[in-house]
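Reader: I have a structure to go through for class, and I would like to ask about it piece by piece. Could you take me through it slowly?

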Amino acid sequence: MSPRKAYETELNELDNLVAEMAKKTREAIELAVKSFEKLDVGMVKRVEELDEELYMLNNDIEKRCLEVIALQSPVAKDLRTIGTYLKVITDFDRIGRYARDIAEVTAHTYTMAHIKPLVSIPHMADMAEHMVDLSVEAFLDRDTGPTKEVFELEDKVDSLYDEIFREVITYMMEDSKKIGIGINYMLVARYLERIADHACNISERVIYMVTGE
């Protein structure tokens with residue numbers, strides 16, 4: 001097998017691993033938010049397991065990227081591509097950590113009752129998950145097209161976070177008994193906002209990988 005063919009084969013295998021990491025990341029976000037929405041502590045353990053699996057995948061992909069650099073000595077665009085893998089998997093690992101943080105909020109909150117049925121937080125989670133999906137699509141297809149929607153959604157997520165923050169502060173001021181659950185709402189919203197930020201990071205890295213800018 002020629003060096004170029006070996007390099008392309010390795011990239012295909014890395015793409016499969018990144019796709020697996022993306023799938024686990026999405027599952028972690030969905031389960032974490034559902035655990036908080038339903039105050040179901042039974043889902044927390046699976047989120048923790050997914051976070052560990054993401055950590056192991058991160059290490060595996062990082063090791064393989066470093067081997068490619070050592071054995072193939074990539075330059076120019078090829079080096080940008082390998083560098084992007086290393087950055088993207090770090091973002092996935094952080095997203096998994098935030099999903100675990102949300103699940104940990106559930107673990108400390110499940111005995112409390114929600115102030116009202118959750119609407120804004122699941123909606124915020126849906127947008128953040130879609131941003132992750134779009135960023136992964138952009139990366140795997142080496143296409144900057146989907147990144148435009150990612151940045152548009154970021155503004156909507158930020159606006160929704162501000163809306164949730166103001167609403168929760170109002171509830172807490174009206175009734176001190178709601179301070180505990182109110183703080184947890186703000187924590188979960190903050191973690192989702194950070195997940196959206198990491199999706200933007202991935203999109204920015206894709207743009208650099210494809211264009212060099």
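Predicted model: local features only at pLDDT ≥ 70, side-chain atom pairs only at ≥ 80, totals over all residues.

Reader: Okay, and which residue does Asp133 form a salt bridge with?

Author: Its partner is Arg26, and the closest N and O atoms of the two are 2.7 Å apart; a salt bridge here is a side-chain nitrogen of Lys or Arg within 4 Å of a carboxyl oxygen of Asp or Glu. This pair links distant parts of the chain, since Asp133 belongs to helix H4 (residues 120-141) and Arg26 to helix H1 (residues 3-38), 107 residues apart. Helices are DSSP runs of type H or I with at least four residues, numbered from the N terminus. Arg26 also counts as partly exposed, because its relative accessible area is 25%.

Reader: How many salt bridges does the structure hold?

Author: The structure holds 21 salt bridges. One of them joins the side chains of Glu52 and Arg100, at 3.1 Å from N to O, and this pair again links distant parts of the chain, with Glu52 in helix H2 and Arg100 in helix H3 (residues 76-109), 48 residues apart. Glu52 is partly exposed at a relative accessible area of 42%, whereas Arg100 counts as buried at 16%.

Reader: Which residues are linked in a network of salt bridges?

Author: The network links Lys24, Glu27, Lys45, Arg46, Glu49 and Glu53.

Reader: New topic, then: how many aromatic pairs are there?

Author: There are four aromatic pairs in the structure, where rings of Phe, Tyr and Trp (its six-membered ring) pair if their centres lie within 6.5 Å, and planes under 30 degrees apart count as stacked, over 60 as edge-to-face and the rest as tilted. In one of them, the rings of Tyr98 and Tyr191 have their centres 5.9 Å apart and their planes at 35°, so this pair is tilted. Tyr98 lies in helix H3 and Tyr191 in helix H6 (residues 179-211), so the pair links distant parts of the chain, 93 residues apart. Tyr98 is buried, with a relative accessible area of 12%, and Tyr191 is buried as well, with 19%.

Reader: What are the distance and angle for Tyr161 and Phe165?

Author: Tyr161 and Phe165 form a tilted aromatic pair, with 6.4 Å from centre to centre and 40° between the planes. They are four residues apart in helix H5 (residues 147-174), and therefore separated by about one helical turn. Tyr161 is buried at a relative accessible area of 17%, but Phe165 counts as partly exposed at 36%.

Reader: Where does the charged end of Arg142 sit?

Author: The charged end of Arg142 sits over the ring of Phe139, 5.0 Å from its centre; the rule is that NZ of Lys or CZ of Arg must be within 6 Å of the ring centre and within 35 degrees of the ring normal. Arg80 likewise lies over the face of Tyr208, at 5.8 Å from the ring centre.

Reader: Last one: is Thr25 buried or exposed, and what does it touch?

Author: Thr25, which lies in helix H1, is buried, because its relative accessible area is 0%. Not counting residues up to four places away in sequence, Thr25 touches Leu54, Phe92 and Ile95, where contact means heavy atoms within 4.5 Å.

Notes:
Residues numbered from 1 in each chain as written. Heavy atoms only, no water. Helix = DSSP H or I, 4+ residues; strand = E, 2+ residues; numbered from the N terminus. Buried < 20%, exposed > 50% of the residue type's maximum accessible area, 1.4 Å probe, protein only.
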